[in-house]
Amino acid sequence: MFVLELTYTAPVERADALMDAHIAWLDEQYAAGVFLASGRKNPRDGGVILAAGVDRAAIERIAAADPFSSEGVCAYRITEFYASKTVEALAGYREQPPA
């Protein structure tokens with residue numbers, strides 16, 4: 001599983017100008033089954049996305065395709081982790097770390 005943390009590297013007005021394209025990109029990833037949750041950070045200096053079901057190389061390609069990323073509005077920090085404990089609704093995403 002991955003936590004994608006977006007941090008704005010440009011004024012929030014630039015993010016607002018690209019928001020429709022960013023939301024369309026998010027919708028594509030939800031439809032593909034990759035994104036599980038997303039939203040703005042508080043304070044509004046970026047956002048967070050929870051993703052699963054693909055490998056790190058795929059997540060890096062997906063993040064690079066975000067209009068926020070390709071237009072230089074944000075930087076991504078990608079953290080991979082093993083979701084060894086979850087709420088029941090996310091049980092299908094549980095995984096154990098390698099021994």
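**Briefing on the predicted protein chain**

The protein chain carries 9 positive and 14 negative side chains, and the centres of these two sets lie 6 Å apart; here Lys and Arg count as positive and Asp and Glu as negative, while His and the chain ends are not counted, and each charge is placed at NZ of Lys, CZ of Arg, CG of Asp or CD of Glu. This is a predicted model, in which local features need pLDDT of at least 70 and side-chain atom pairs count only at pLDDT 80 or more, whereas totals for chains, interfaces and linings use all residues. Residues are numbered from 1 along each chain as its sequence is written, and side-chain values use heavy atoms, with hydrogens and water left out.

**Overall fold**

- The protein chain has 4 helices and 4 strands, arranged along the sequence in the pattern β-α-α-β-β-α-α-β; helices (H or I, at least four residues) and strands (E, at least two) are DSSP runs numbered from the N terminus.
- The radius of gyration of the protein chain is 14 Å, close to the 13 Å that the globule rule gives for 99 residues, so the chain is as compact as a globular protein of that length; the radius is taken over C-alpha atoms, and the rule is 2.2 Å times the number of residues to the power 0.38.
- Along its principal axes, the C-alpha trace of the protein chain spans about 45 × 25 × 25 Å.

**Burial and contacts**

- Of the 99 residues of the protein chain, 33% count as buried, where buried means under 20% relative accessible area, exposed over 50%, and partly exposed in between (1.4 Å probe, protein chains only).
- Among contacts (heavy atoms within 4.5 Å) between residues at least 6 apart in sequence, 64% join residues at least 24 apart.

**The S2–S3 hairpin**

- Strands S2 (residues 35-40) and S3 (residues 46-51) run antiparallel and are joined by 5 bridges, two strands being paired if DSSP finds at least two bridges between them.
- A hairpin through 5 residues links S2 to S3, and Arg-40 has Gly-47 in S3 as its bridge partner.

**Two helix residues**

- His-22 lies in helix H2 (residues 19-31) and is buried, with a relative accessible area of 7%; leaving aside residues up to four places away in sequence, His-22 touches Leu-6, Asp-66, Pro-67 and Phe-68.
- Glu-60 lies in helix H3 (residues 56-65) and is partly exposed, with a relative accessible area of 41%; the C-alpha atoms of Glu-60 and Pro-43, 17 residues apart along the chain, are separated by 25 Å.
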